[in-house]
Amino acid sequence: MADHMNMPAPKTKGGRRALIATIALLAAALLAYLGGVVYFHLFFMPGTTLDGADVSLRRASEVAEEKADAFAGYQAHVTGDGVDLTISADQIGLAYDGEAYASEAIAATSPWTWPLGLSQGSRTVSATSAVVFDREALLAQFEPLEDAARETATSLGGKAVVFDAEAGSFGLDASVLPQYLDDDALVEALSQGFTARDAEIAIGADQLADSDDALHDACDAANAFLGAAGSTLTLDGETAAELTADVIAGWVSVADDLTVSLNSDAVASWATQSVDRLNTVGAERTYTRADGKQVSVSGGTYGWKVSESGIADALVAAVSAGEPQAVEVPFDERGQVVPDAGGRDWGARYIDIDISEQYVRMYGDDGSLVWESACVSGQPSQGWGTPDGVYTINGNMTRNTVLIGLDWDEDGEPDYETPVSYWMPFINNMVALHDAARSSFGGSIYQWNGSHGCVNLPLDKAESLYGLVKVGDVVVVHH
């Protein structure tokens with residue numbers, strides 16, 4: 001009896017109903033939640049803004065379809081070196097990946113937590129707009145340009161290599177560049193432009209493939225010469241001219257077979273123009289004589305004369321080395337000093353023959369007057385005027401000689417034979433300073449009783465001058 005009384009009491013029917021009701025409620029809630037998950041994977045939640053557009057309760061498939069159709073009528077104008085092409089969406093099957101776009105946007109709304117999302121009211125989401133297109137159809141649009149570029153390169157030959165002054169280097173003519181388009185880089189650049197729906201897409205150097213073909217080799221060879229930019233032409237250490245990339249580029253020649261060389265004639269022409277002021281032989285010089293007189297003189301045989309062939313060879317060698325350097329100007333003839341602003345290129349020591357004054361002066365090493373005398377120069381009315389110009393006392397300087405004239409009267413004999421004691425020639429062995437047996441000097445005697453071109457001096461003056469002058473002393477004859 002006692003054991004029977006300790007047995008558990010049987011459950012009531014009311015408890016079972018409560019349990020069943022609870023389970024049913026939970027199942028209904030779960031079904032409702034899962035239904036919401038499914039629904040909000042197919043539809044956007046209320047209050048959802050996608051990339052600026054209200055998509056509340058819109059079907060994701062509709063949004064995907066709209067996105068995919070967004071390229072209808074779209075076309076892009078693609079430009080670059082040698083490229084001018086318009087590509088339409090239908091030519092390459094261009095479209096947005098609408099399904100991927102909508103799927104990403106739905107995921108951004110967190111449909112698995114839709115109850116929380118609904119409680120928050122509104123939300124703003126964004127999704128990437130991936131594009132799809134036929135890669136081969138896209139590249140086919142550029143094939144005619146590439147073929148044309150190859151044909152152009154063949155027709156241009158060396159002219160395809162051009163100097164870009166702004167860049168300061170040689171490159172290829174724009175018309176031949178499309179042949180070097182890199183497929184992967186080109187597709188990537190265009191894909192970015194399509195994604196942004198750009199109406200204008202520019203392509204450039206980043207879309208060109210590296211190449212080691214003959215055209216690029218020619219560019220490299222031409223640019224190697226430009227490495228000498230900054231070189232200088234110098235005269236006794238002074239800069240006479242500077243080589244710039246523009247200057248050197250003007251000397252570079254690219255043949256049709258794409259061999260690259262320097263045009264030595266162009267080099268010589270530039271050098272001659274650049275250092276023309278250094279060519280003083282025969283040029284006009286202006287200077288102030290020690291007594292203050294302003295003098296201008298042209299002509300003569302003394303001065304600086306640039307070696308045109310020498311300077312061209314020196315520059316070609318320097319530029320071929322491809323690095324900056326100083327190139328000393330070579331001369332066929334050299335003066336005593338670098339020309340000043342007026343062109344004077346002799347030192348303080350020189351002989352000044354003033355035809356207008358009929359007077360000769362010699363200045364010493366310090367520029368002081370060391371000798372002077374009246375003179376008689378050549379008679380201009382007979383065509384024997386003493387030539388203006390800058391000369392030097394030459395090696396025919398001598399004592400006690402006989403001047404033998406030409407046979408102007410055609411009698412078979414020299415017109416004169418005149419002994420002189422002091423002969424100081426400055427134009428070959430034909431025109432000189434020398435003593436002459438005259439009763440007077442200076443004034444206007446030379447106009448009616450002048451010499452045959454020489455500068456006549458009194459004997460004592462010629463003697464003292466002969467003791468002062470040296471071979472190489474500068475003689476300036478002027479009016």
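Biologist: What makes α10 stand out in the lining of the second largest pocket?

Modeller: In this predicted model, α10 gives that lining its largest share, 4 residues. Both β9 (169–172) and α10 (214–225) supply at least two residues there.

Biologist: How much space lies in the second largest pocket, and which residues are closest to its centre?

Modeller: About 320 Å³. The lining counts 16 residues, and Leu172, Leu177, Ala205, Leu208 and His216 are the closest to the centre. Sorted by class, you get 8 nonpolar, 5 polar and 3 charged residues.

Biologist: What about the largest pocket, what volume does that have?

Modeller: About 720 Å³. Of its 32 lining residues, Leu403, Tyr416, Met430, His452 and Cys454 sit closest to the centre. The elements giving two or more residues to the lining are β24 (398–404), β25 (417–427) and β26 (431–435).

Biologist: How do you sort Tyr and Cys when you class a lining, as polar or nonpolar?

Modeller: Tyr and Cys both count as nonpolar here. On that scheme the lining of the largest pocket has 17 nonpolar, 13 polar and 2 charged residues.

Biologist: Why is the other kind of space called a cavity and not a pocket?

Modeller: Because a 1.4 Å probe fits in a cavity but cannot get out, whereas a pocket is open. Searching the whole structure turns up 1 cavity of 30 Å³ or more. The largest cavity holds about 70 Å³ of space, so it clears that 30 Å³ cut-off.

Biologist: Which residues line the largest cavity?

Modeller: Gly80, Asp81, Val83, Leu177, Pro178, Leu181, Ile203, Gly204, Gln207 and Leu208. By class that is 6 nonpolar, 3 polar and 1 charged residues. Leu177 and Leu208 line this cavity, and they are also among the residues closest to the centre of the second largest pocket.

Biologist: Is the crossing left-handed or right-handed?

Modeller: Right-handed, as α12 passes α13.

Biologist: What makes the contact between α12 and α13?

Modeller: From α12 come Ser264, Val267, Ala268, Trp270, Ala271 and Thr272, and from α13 come Glu308, Ile311, Ala312, Leu315 and Val316. By class, the contact has 8 nonpolar, 2 polar and 1 charged residues. Glu308 is one of the contact residues, and Glu counts as charged.

Technical notes: Residues numbered from 1 in each chain as written. Predicted model: local features only at pLDDT ≥ 70, side-chain atom pairs only at ≥ 80, totals over all residues. Heavy atoms only, no water. Left-handed = near helix turned anticlockwise from the far one by under 90°. Contact = heavy atoms within 4.5 Å. 1 Å grid on protein atoms, 1.4 Å probe; cavity = no way out; pocket = protein on both sides within 12 Å on 5 of 7 lines; lining within 4 Å. Points joined across faces, edges and corners; volume = space filled by probe spheres on them.
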